[in-house]
Amino acid sequence: MAFLPNSDIICKNNSVTEFILLGLTQDPMKKKMVFVIFLIFYLGTVVGNLLIMVTIKSSRALGSPMYFFLFYLSLADSCLSTSTAPRLIVDSLSATKTISYNECMTQVFALHFFGTMEVFVLILMAIDRYVAICKPLHYPTIMRRQVCIILIVIAWLGAFIHSITEIILALRLPFCGPNLIDHYCCDLQPLLKLACMDTYLINLEWVGAICSTSFVILMISYIVILHSLRNHSAEGRKRALSTCTSHITVVILFFGPCIFIYTRPPTTFPMDKMVTIFYTIGTPFLNPLIYTLRNAEVKNAMRKLWRIKITSESKR
């Protein structure tokens, strides 16, 4: 653990009670464009992920562990986007973009909690595919509902422990004057830049390690899965490849930006804001499209749910 100063010293030196978010742009016309674009993205994210969650809960055909984990991935996506997008949308029309110290710390906690939850759910989905493809005879026993529930609970607890660790680290950072955050949200990276202490190693210890390690584990697991498909029938390979391709796409889209942001010392680059937008707003928006457009079972379940709703409405 990197050295952090004594808490009494921090309290005396911490004179900042609020931060000012500079946002994505200062141009009035571009601010209006930001409002419209990200409002559409956010509404699309919430509606798309909510539709997946309702479909999974309503359809008996989607009762397998894969869809059980997909439900929680959609929940994590919605919450991750909600932790940053509403503030970005509102601030795009605000003259002042101040955020209190407590609100900033809350946003740091939410961003890391739901981001880490998504990491763990993606790992659980990879485990599910590994068991289904490499251990098909033992799949019903290994991935029974009770086991899946326990795994999700562990994922929630892991995300909570990680987020508590990050928020404790953030709360102990001393801020002695500058309070301009060149970002659209509060995150550990821009806060480290403002802290009046040496923060070179802090950011590399937790978030970067989790992102990098999880990405390597996921890639190795999918390589093993794809290698094992040689022993399957042509139809089995086609179906497994379709599912794994969706998972691998989501993993790359989510972990690529995370590794770029969190596995380096607390320095900033002009592209940081857009990279953060990609994994906090862009990926949650794309995930429902990726998992529905390439998944016939989900599409069929959605059509059936839609037909049932239309039939029930017509009977009224």
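1. The largest pocket and helix H11. In this predicted model, helix H11 is the element that gives the most to the lining of the largest pocket, with nine residues. Helix H3 (65-82), H5, H11 and helix H13 (296-315) each supply at least two residues of that lining. The volume of the largest pocket is about 620 Å³. It has 26 lining residues, and those closest to the centre of the pocket are Met66, Arg129, Arg239, Thr243 and Glu297. Sorted by class, the lining of the largest pocket comprises 12 nonpolar, eight polar and six charged residues.

2. Overall make-up. The protein has 316 residues, and buried residues make up 47% of them. Its secondary structure consists of 13 helices and three strands. Among contacts with a separation of 6 or more, 80% are between residues 24 or more positions apart.

3. Annotated spans. An unreviewed UniProt entry carries the annotation "transmembrane region" for residues 33-54, 66-89, 109-127, 147-171, 206-229, 241-262 and 274-293. Two of these spans may be described further. Residues 109-127 are 100% helix and 0% strand, with end C-alpha atoms 27 Å apart. Residues 274-293 are likewise 100% helix and 0% strand, and their end C-alpha atoms lie 26 Å apart.

4. The largest cavity. How many cavities of 30 Å³ or more does the structure hold? There are three cavities of that kind. Helix H5 gives the most to the lining of the largest cavity, with five residues. By class, nine of the lining residues are nonpolar and four are polar, while no charged residues occur.

5. The second largest cavity. The second largest cavity has a volume of about 80 Å³. Its lining includes Leu21, Gly23, Leu24, Thr25, Lys31 and Val34, and also Leu88, Asp91, Ser92, Lys97, His183 and Tyr184. The elements that give two or more residues to this lining are helix H2 (28-58) and helix H4 (85-91). By class, the lining of the second largest cavity has five nonpolar, four polar and three charged residues.

6. His183, a lining residue of the second largest cavity. His183 is placed in the loop between strand E3 (180-181) and helix H8 (188-194). Is His183 buried or exposed? His183 counts as buried because its relative accessible area is 7%, which is under the 20% cut-off. Not counting residues up to four places away in sequence, His183 touches Leu21, Leu22, Gly23, Pro190, Asp272, Lys273 and Thr276. With Thr276 there is also a polar contact between side chains, at 3.4 Å.

7. Glu118 in helix H5. Glu118 lies in helix H5, the element that gives the most to the lining of the largest cavity. Glu118 has a relative accessible area of 0% and is therefore buried. Which residues are in contact with Glu118, leaving aside its neighbours within four places in sequence? They are Leu73, Ala76, Asp77, Leu80, Phe254, Thr283 and Asn287.

8. Lys299 in helix H13. Lys299 lies in helix H13, one of the elements that supply at least two residues of the lining of the largest pocket. Lys299 is described as partly exposed because its relative accessible area is 29%, a value between the cut-offs of 20% and 50%. Leaving aside its neighbours within four places in sequence, Lys299 is in contact with Thr292 and Leu293. Lys299 and Thr55 are 244 residues apart along the chain, and their C-alpha atoms are separated by 9.4 Å.

Notes
Residues are numbered from 1 along each chain as its sequence is written. This is a predicted model: local features need pLDDT of at least 70, side-chain atom pairs count only at pLDDT 80 or more; totals for chains, interfaces and linings use all residues. Side-chain values use heavy atoms; hydrogens and water are left out. UniProt positions are given in the numbering used here, feature names are shortened, and annotations may be inferred rather than shown by experiment. Helices (H or I, at least four residues) and strands (E, at least two) are DSSP runs, numbered from the N terminus. On a 1 Å grid over the protein atoms alone, a cavity is a set of points where a 1.4 Å probe fits but cannot get out, and a pocket is an open set with protein on both sides within 12 Å along at least five of seven lines; lining residues have an atom within 4 Å of a point. Grid points are joined across faces, edges and corners, and a volume is the space filled by probe spheres set on the points. Ala, Val, Leu, Ile, Met, Phe, Trp, Tyr, Cys and Pro count as nonpolar, Asp, Glu, Lys and Arg as charged, and the others, Gly among them, as polar. Buried means under 20% relative accessible area, exposed over 50%, partly exposed in between (1.4 Å probe, protein chains only). A polar contact is a pair of N or O atoms within 3.5 Å; within protein, one must be able to donate a hydrogen and the other to accept it, and residues adjacent in sequence count only if both atoms are side-chain atoms. Contact means heavy atoms within 4.5 Å.
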